[in-house]
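Please look at the sequence and structure first.

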Amino acid sequence: MKIIGFLGPQGSYSWLAAQKFCKNAERRAYRSFAFLMQGLICGECSAAAFPIENSLNGSVTQVMDLLQYTEGVIASGCLTLRIDHRLAYLKGADIKGISRIYSHAQALEQCGRYIFENFPNARTIETFSTAAGLDMLKTHTDACIAGAHVKREGVVLSQENISDEKNNFTAFLLVRKGTATDVAKSQKIYFSAVCRHKAGALSDLLRIIKDGGLNMTKIQSRPVKESVGDYRFFIEAEGNVAENGVKKALSEVQNFARSFKILGLY
């Protein structure tokens, strides 16, 4: 049976993404993205669900870096989840007395206005995932921010989504061991490139993508860790790697760039 790794514990949004990627697979929780990638590389799991971008907070840069610097892995699937944050607390608690609110840093930020307006004196405490906050509910003065899909005995969820912005989505990638040559076809291509030092280099890169018929759907940048002052561009584009025109465009990008890596075909 396949084992899908995710950022745990059970009930996190990554857990939900892993379930949607592979409904019949066993799921295994990891306590950080680094351990999750390690579990994939050493064969503890056959695939792993990683969040890659949130519509409010932007890119998950740690995951981008792990994809870039880990050899022998490639994203083979992508899905988007609606993020529905709820306030969770112990049954019988008077929420007016809540003094501590636990959750992942992004969830705390996404519910910042709600927390300020309703619990101005409460202390916010970061956990490594939204579901991990549930384990911190010890007294009736504790609360956490968790997904609406969470079900735990003795824990009550608020009836309403408490996100400051209700239109909130996170994109997840399904990452496996392998390389681009293992994938026969795709609808989207996710790759990274570092431009050469010359005027208009990024414009030239984008022109190659355009002339190659690739419809770019996303572009982001990250500093190159080993070269201060340089930036790596992470680009997603629509395209089927089985088509000769797409192959030619990717080859031209590779020849133009100082470095190039295909991170995903899905």
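In this predicted model, aspartate 135 is partly exposed, with a relative accessible area of 38%. Aspartate 135 forms a salt bridge with arginine 152, and their closest N and O atoms are 2.9 Å apart. The count of salt bridges comes to 13.

**The network around aspartate 65**
- Salt bridges link Asp65, Arg222 and Lys225 in a network.
- Aspartate 65 and arginine 222 meet through their side chains at 2.6 Å, N to O.
- This pair links distant parts of the chain, with aspartate 65 in helix H3 and arginine 222 in strand S13 (residues 215-223), 157 residues apart.
- Aspartate 65 is buried, at 11% relative accessible area, and arginine 222 is buried at 19%.
- Lysine 225 meets aspartate 65 in a salt bridge of 3.5 Å, N to O.
- Lysine 225 lies in the loop between S13 and strand S14 (231-238), so its bridge to helix H3 ties together parts 160 residues apart in sequence.
- Lysine 225 counts as exposed, at 58% relative accessibility.

**Helix H3 and its neighbour H2**
- The axes of helix H2 (residues 33-41) and helix H3 (residues 61-69) come within 10 Å and cross at roughly 30°.
- This crossing angle makes H2 roughly parallel to H3.
- The crossing of H2 past H3 is right-handed.
- Phe33, Ala34 and Met37 of H2 meet Gln62, Val63, Leu66 and Leu67 of H3.
- Of the residues in this contact, six are nonpolar, one is polar and none is charged.

How values were computed
Residues are numbered from 1 along each chain as its sequence is written. This is a predicted model: local features need pLDDT of at least 70, side-chain atom pairs count only at pLDDT 80 or more; totals for chains, interfaces and linings use all residues. Side-chain values use heavy atoms; hydrogens and water are left out. Axes are lines fitted to C-alpha atoms, for helices over the stretch in contact, and angles run from 0 to 180 degrees between N-to-C directions. Helices (H or I, at least four residues) and strands (E, at least two) are DSSP runs, numbered from the N terminus. Angles under 35 degrees count as roughly parallel, over 145 as roughly antiparallel, 65 to 115 as roughly perpendicular and the rest as oblique. A crossing is left-handed if the near helix is turned anticlockwise from the far one by less than a right angle, and right-handed if clockwise. Contact means heavy atoms within 4.5 Å. Ala, Val, Leu, Ile, Met, Phe, Trp, Tyr, Cys and Pro count as nonpolar, Asp, Glu, Lys and Arg as charged, and the others, Gly among them, as polar. A salt bridge is a side-chain nitrogen of Lys or Arg within 4 Å of a carboxyl oxygen of Asp or Glu. Buried means under 20% relative accessible area, exposed over 50%, partly exposed in between (1.4 Å probe, protein chains only).
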